[in-house]
Amino acid sequence: MRRWGLVVVRNRSMEPTLRDGDRLLVRYGAPVRVSRLVVVRMPERGLSVKRATMRHDGGWWVERDNPGEGVDSWLVGAIPDEDVVAVVRLRVWPLLRR
């Protein structure tokens, strides 16, 4: 059974798409598709929100939207399937951004 959850963005690596403090509705165990935002376990860094950009040798190549901040597959390689924790469905807070 797939579960739903909430996650809070905690850095600037996904700006301008997401900002620090944004709350996201996620689906654990949902299938990943290219260009979707996903929650992944980054090696030695914990959980992070990234964009799945392609399948790569048994895992997912994930990237940040802000190239000046954070870590992505360009630095750590492909993320194994078992480390893709959830798929982001929508931002629930803030409702509108000015």
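A: Start with Arg 55 and Asp 81, whose side chains meet in a salt bridge at 2.5 Å, N to O. A salt bridge here is a side-chain nitrogen of Lys or Arg within 4 Å of a carboxyl oxygen of Asp or Glu. The model is predicted, so local features need pLDDT of at least 70 and side-chain atom pairs count only at pLDDT 80 or more, while totals for chains, interfaces and linings use all residues. Residues are numbered from 1 along each chain as its sequence is written, and side-chain values use heavy atoms, with hydrogens and water left out.

Where do the partners sit? Arg 55 is in strand S4 and Asp 81 is in the loop between S6 and S7, so their pairing ties together parts 26 residues apart in sequence. Strands are DSSP runs of E with at least two residues, helices are runs of H or I with at least four, and both are numbered from the N terminus. Arg 55 is partly exposed, at 42% relative accessibility. Asp 81 is partly exposed too, at 36%. The cut-offs are under 20% relative accessible area for buried, over 50% for exposed, and in between for partly exposed (1.4 Å probe, protein chains only).

The loop between S6 and S7 has another charged residue. Asp 83 forms a salt bridge with Arg 41, the closest N and O atoms being 3.2 Å apart. Arg 41 belongs to strand S3 and Asp 83 to that loop, so this pair joins parts 42 residues apart in sequence. Arg 41 has a relative accessible area of 40%, which makes it partly exposed.

In total there are 6 salt bridges by this rule. One of them joins Glu 69 to Arg 12 at 3.9 Å, N to O. Glu 69 lies in the loop between S5 and helix H1 (73-76), and Arg 12 in the loop between strand S1 (4-8) and S2, 57 residues apart. Arg 12, Glu 15 and Glu 69 are linked in a network of salt bridges.

Now go back to strand S4, which spans residues 46-56 and runs antiparallel to S5, with 5 bridges joining them. Two strands count as paired if DSSP finds at least two bridges between them. Trp 60 has Ile 79 of S6 as its bridge partner. Of the 5 residues of S5 (59-63), 4 are buried, so the rest of the structure largely encloses this strand.

What lies inside? The largest nonpolar core has 12 residues, including Val 49, Leu 37 and Val 88. Such a core is a set of buried Ala, Val, Leu, Ile, Met, Phe, Trp, Tyr and Cys residues joined through side-chain atoms within 4.5 Å. S2 (23-28), S3 (37-42) and S7 (84-93) each supply at least two of its residues. S7 gives the largest share, 3 residues. Apart from neighbours within four places in sequence, Val 49 is in contact (heavy atoms within 4.5 Å) with residues including Met 14, Leu 24 and Val 88. A second, separate core has 11 residues, among them Ala 30, Met 42, Ala 52 and Val 87. In soluble globular proteins, nonpolar side chains tend to be buried together.
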